[in-house]
Amino acid sequence: MILHGYLPAILGGLKSTLSVAVLSLLVACVFGLLGAAAKLSESRLAHWAADIYTTLIRGVPELLLLLLLFYGGQITINNLADRQGWGYIDINPFIAGILVLGFIFGAYLTETFRAAILAIPRGQIEAGHAYGLRPLQVFSRIVLPQMIRHAIPGFANNWLIMVKATALVSIIGLDDMVHRASLAASATREPFTFYATIAVIYLAITTVSLVGLHCLQKRYSLGVRKVDF
Amino acid sequence: MFDWPVVLAALPDFFRGLRVTLILLAIALATGFVLSIPLAMARVSQNKWLSMPVFLFTYVIRGTPLLVQMFMVYHGLAQFAWMRQSAVWFLFKDAWFCAWLVFSMSTTAYTTEIFAGALRQTPAGELEAAQSLGMTKLQIYARILWPGALRRALPQYSNEVVGLMHATAVASTVTLVEITRVARDVYYNHLSVTDSFGVAAIFYFVLTFTVVGIFKLLEMRYLKHLNRKVSGPVAAR
């Protein structure tokens, strides 16, 4: 029998690995856009806050941040609940993992997005304002469509790092692919088989992502002339 | 914020953990640097039989999580009876050896790509000038290509060093008592997040900025002619 019948369990784990990766990417995009907006804003306070956010997050390993924010958040929320008299709140590791990973990678995406926005010629944004577009319209019609093209390489990189980082959520008790594999490994005493299997699955995700991002890059670079050296 | 008696009691452990982190970083970095030089040359080679295997190696290593690689080597290899009976089993039983092996392979893969990228950026004229002077291939590498490529690779290599330093936190999952493991032990004993993970975060933070600072100095020395902006630390794998 293939993998002693553990294949469905592993694939179930793949589902949670992928959902964690995709959902944390969405959260990271929100934090990244907010961070980039803060870094480019005129407000000094917003600028400092964003600087502290990106510097602190990028100076510490993801695994440690995951433990720090997961346990720290749990204690903070329960202290708060205690004071309000709500009783003990059991925090869902799935949601906590997504929020924490999203918060961490938001710091990396902040830099990607900031650079992408800066790559858009300032005159275009000014022209948008001159035509009487509201700031949100300028963002959605002028900045966003072009920013995507500039952000794709950095974005792709972060996505790949993030898929691999989801392996770490097994350490805070999330039932992902790595967790399923280690359960199967100890039950069957064939750890290599199962870890190698999920390594191949991760590699497949990487390959599919690279192909997909290549297509996306092509789509958003339509009408942009290539430079030949 | 900190419970000082707890922090002070744990500090000697944290410094022992720092030592383990630094030793892991140093041995993996040294191995990775030495292996990346020939591998990067193979990677940019016109000969497919040289470049393809290296590409495959970097693709597989960079495409799978470090944690899974670590489990495969440390827990996985015990599955095979021939492995357990082999002469090198005493090495693979040892968490230090496995961590060294996995971290070295990882940093070799990333560094090879960084160095290969820097080699490819060599201006064509430099290479042609060297060829027209009748230098041999090895002379060209030693005198023209590497001095330029290693300089160009400095900013990215600095990111790789920080990334590897952060990646050593994964060693905490295979019984090595480095900074993150010490933090987890302090947490389980005192259930205080700041005294455990908070202190560890400060250690990593100081380490990160020491590495970034050292590379800024190196860049000031070796990239003086470019005088370009220095990039910050980047994500681990």
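Biologist: Is B:T175 buried or exposed, or something in between?
Modeller: B:T175 counts as partly exposed, because it has 13 C-beta neighbours inside 10 Å. The scheme places C-beta atoms from the backbone and calls a residue buried if 20 or more others lie within 10 Å of its own, exposed if 12 or fewer, and partly exposed in between.

Biologist: Where in the chain is B:T175 found?
Modeller: In the loop between α8 (137–167) and α9 of chain B. Helices are DSSP runs of H or I with at least four residues, strands are runs of E with at least two, and both are numbered from the N terminus.

Biologist: What is the phi of B:T175?
Modeller: It is positive, about 70°, although B:T175 is not a glycine. Most residues other than glycine have a negative phi. B:L191 also has a positive phi, about 50°, and is not a glycine either.

Biologist: And where is B:L191?
Modeller: B:L191 sits in the loop between α9 and α10 of chain B. With 11 C-beta neighbours inside 10 Å, B:L191 counts as exposed.

Biologist: Before going on, what are the ground rules here?
Modeller: This is a predicted model, where local features need pLDDT of at least 70, side-chain atom pairs count only at pLDDT 80 or more, and totals for chains, interfaces and linings use all residues. Residues are numbered from 1 along each chain as its sequence is written, and chains are lettered from A and ligands numbered from 1 in the order in which they are written.

Biologist: What pLDDT does chain B average?
Modeller: Chain B averages 91, and 95% of its residues score at least 70. pLDDT is the predictor's confidence in each residue, from 0 to 100. For the complex, the predictor gives an ipTM of 0.86 and a pTM of 0.88.

Biologist: How many helices and strands are in chain B?
Modeller: 10 helices and zero strands. The C-alpha atoms of chain B fill a box of roughly 70 × 50 × 25 Å along the principal axes. Of the 237 residues in chain B, 39% are buried.

Biologist: How do α1 and α2 of chain B pack?
Modeller: Helix α1 (residues 4–43) and α2 of chain B pack at an angle of about 120°, with their axes 7 Å apart. Axes are lines fitted to C-alpha atoms, for helices over the stretch in contact, and angles run from 0 to 180 degrees between N-to-C directions. α1(B) and α2(B) are therefore oblique to each other. Under 35 degrees would be roughly parallel, over 145 roughly antiparallel, 65 to 115 roughly perpendicular, and the rest is oblique.

Biologist: Which residues meet there?
Modeller: B:L39, B:A42 and B:R43 in α1(B) meet B:L50, B:S51, B:V54 and B:F55 in α2(B). Contact means that C-beta atoms, placed from the backbone, lie within 7 Å. The residues divide into five nonpolar, one polar and one charged. Ala, Val, Leu, Ile, Met, Phe, Trp, Tyr, Cys and Pro count as nonpolar, Asp, Glu, Lys and Arg as charged, and the others, Gly among them, as polar.

Biologist: Switching to the interface, how many residues does each chain give to the contact?
Modeller: Chain B gives 36 residues and chain A gives 32 residues. On the side of chain B, the elements giving two or more residues are α2 (48–63), α3 (66–74), α9 (179–190) and α10 (193–222). α10(B) gives the most, with nine residues.

Biologist: And by class, what does that side of chain B have?
Modeller: 23 nonpolar, 11 polar and two charged residues.

Terms used: Contact = placed C-beta atoms within 7 Å.
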